[in-house]
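Trainee: I should like to work through this structure with you, taking its helices, salt bridges and surface in turn. May we begin?

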Amino acid sequence: MHITRDRQNRTLRLSQKAYLEKVLADLGLSDCAPVCTPMDQNKLQKVEDGYKAPWQLRTTYQSAAGSLMYAMLGTRPDIAFAVSVISRYASNPAETHWKAVKRILRYLKGSIDLQLTYRGSLKPLTGYTDSDWAGDHDTRRSTSGYIFNLGSGAISWSSKRQATVALSTCEAEYIGQTQAAKEAIWLRRLLQEIEATKDSLSATIIYGDNQGAIALAKNPQFHGRTKHIDIPLHFIREKVASDEVQLQYVPTDAQIADGLTKSLPKDRFLQFRKALGLE
């Protein structure tokens with residue numbers, strides 16, 4: 001990872017350009033044609049029963065997925081959803097799945113100069129959370145995503161398929177809020193420990209675009225709708241009640257975490273990438 005600090009303009013830039021160039025070279029894609037988005041909007045499908053991936057394809061696929069995951073965790077939150085999807089097929093990939101991996105690499109080829117940029121003074125910790133209900137057609141599980149920042153540039157992000165099947169959009173969002181709240185509590189404690197913030201009393205605001213899920217977290221009177229939800233997922237209610245986390249509504253078109261739960265068309269994806277702090 002290459003770090004560039006400009007003290008005069010108060011900017012910090014993180015880049016993995018050299019690493020990505022090496023990955024592309026190792027996979028023979030240094031001269032590939034770039035694309036504008038890491039994933040097309042067509043859903044990947046599981047392989048037919050009885051199919052077994054060739055050893056060489058499986059090995060290459062898993063190596064490429066691991067390399068992409070390292071880049072995603074370091075400086076490229078814009079490929080988080082795409083990497084999450086292709087990782088689900090790593091044990092038995094088909095050619096269509098390998099094409100999806102190559103598309104991510106082609107996207108990185110065209111955006112290899114992007115840097116995760118932090119600018120200006122620290123601001124209060126803020127998060128965004130979103131979920132795509134039953135987005136995985138193979139298991140009908142939902143995908144949750146969250147992003148946290150301190151003013152500019154994402155400092156923490158995640159895109160993961162949920163462990164259980166949600167019965168409604170509201171429930172999927174509620175589960176996603178719980179995961180985001182866990183991350184918020186950890187980040188709050190970390191920031192206090194390194195004395196990055198002196199304000200330990202104000203609640204961390206997490207923005208969501210589902211008013212039903214927000215109401216569910218704030219008001220336990222809806223317990224009849226959530227009897228089937230695992231007890232650990234009600235963690236969010238406890239943190240809202242203790243004023244450590246505050247949930248607020250944000251319109252879907254202003255929901256930054258949207259790109260962590262689904263593939264977006266080009267115009268929306270570019271807005272999502274800019275909001276992450278990639279320049």
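Mentor: The questions below concern a predicted model.

Trainee: Which residues of H1 are buried, and what arc do they cover around the axis?

Mentor: Buried means under 20% relative accessible area, and in H1 this holds for Leu20, Val23 and Leu24. An α-helix has 3.6 residues a turn, so residues three or four places apart point the same way.

Trainee: Which exposed residues does the face of H1 turned away from its buried side carry?

Mentor: The buried residues of H1 pack against H2 and H4. The face turned away from that buried side carries exposed residues, namely Ala18, Lys22 and Asp26.

Trainee: Which residue follows H1, and what is its phi?

Mentor: H1 is followed by a glycine with a positive phi. The residue is Gly28, and its phi is near 70°.

Trainee: How far apart are the end C-alpha atoms of helix H4, and what span should its 16 residues have?

Mentor: Helix H4 comprises residues 95-110. The expected span is 1.5 Å times one less than the number of residues, so the 16 residues of H4 should span 22 Å. The end C-alpha atoms agree with this, being apart by 23 Å.

Trainee: Which residues of H4 are buried, and which helices are included in what covers them?

Mentor: In H4 the buried residues are His97, Trp98, Ala100, Val101, Ile104, Leu105, Tyr107 and Leu108. What covers them includes helix H1 (17-26), helix H2 (55-74), helix H3 (80-87) and helix H8 (266-276).

Trainee: With which residue does Asp113 form a salt bridge?

Mentor: The closest N and O atoms of this salt bridge of Asp113 are 2.9 Å apart. The pair links distant parts of the chain, 96 residues apart, with Asp113 in the loop between H4 and strand S3 (116-119) and its partner in helix H1. Asp113 is exposed, with a relative accessible area of 52%. Its partner counts as partly exposed at 33%, and that partner is Lys17.

Trainee: In the salt bridge of Arg88 with Asp136, what is the relative accessibility of each residue?

Mentor: The closest N and O atoms of this pair are 3.9 Å apart. The pair links distant parts of the chain, with Arg88 in the loop between H3 and H4 and Asp136 in the loop between strand S4 (126-132) and strand S5 (143-149), 48 residues apart. Arg88 is partly exposed at 23%, whereas Asp136 counts as buried at 4%.

Trainee: How many salt bridges does the structure hold, and which residues do shared partners join into one network?

Mentor: The structure holds 12 salt bridges. Salt bridges that share partners form one network, which joins Asp130, Asp258, Lys262 and Arg268.

Trainee: Is Asp130 buried or exposed?

Mentor: Asp130 is found in strand S4. Leaving aside its neighbours within four places in sequence, Asp130 is in contact with residues including Thr143, Glu173, Asp209, Asp258 and Lys262. Its relative accessibility is 2%. As the limit for this class is under 20%, Asp130 counts as buried.

Trainee: Where does Ala134 lie, and what is its phi?

Mentor: Ala134 lies in the loop between S4 and S5, and at 11% relative accessibility it counts as buried. Its phi is positive although the residue is other than glycine, and the value is near 55°.

Trainee: Which residues make the nonpolar surface patch, and what is its area?

Mentor: One member, Ile194, is found in the loop between helix H5 (169-193) and strand S7 (204-208). Ile194 is exposed, with a relative accessible area of 53%. Trp186, Leu190 and Ile194 make the patch, and its area is about 310 Å².

Definitions and conventions:
Residues numbered from 1 in each chain as written. Predicted model: local features only at pLDDT ≥ 70, side-chain atom pairs only at ≥ 80, totals over all residues. Heavy atoms only, no water. Patch = residues over 30% accessible without salt bridge, like charges linked within 9 Å, V, L, I, M, F, W, Y side chains within 5 Å. Areas by Shrake-Rupley, 256 points an atom, 1.4 Å probe, with all protein chains shown as cover. Salt bridge = Lys/Arg side-chain N within 4 Å of Asp/Glu carboxyl O. Helix = DSSP H or I, 4+ residues; strand = E, 2+ residues; numbered from the N terminus. Buried < 20%, exposed > 50% of the residue type's maximum accessible area, 1.4 Å probe, protein only. Contact = heavy atoms within 4.5 Å.
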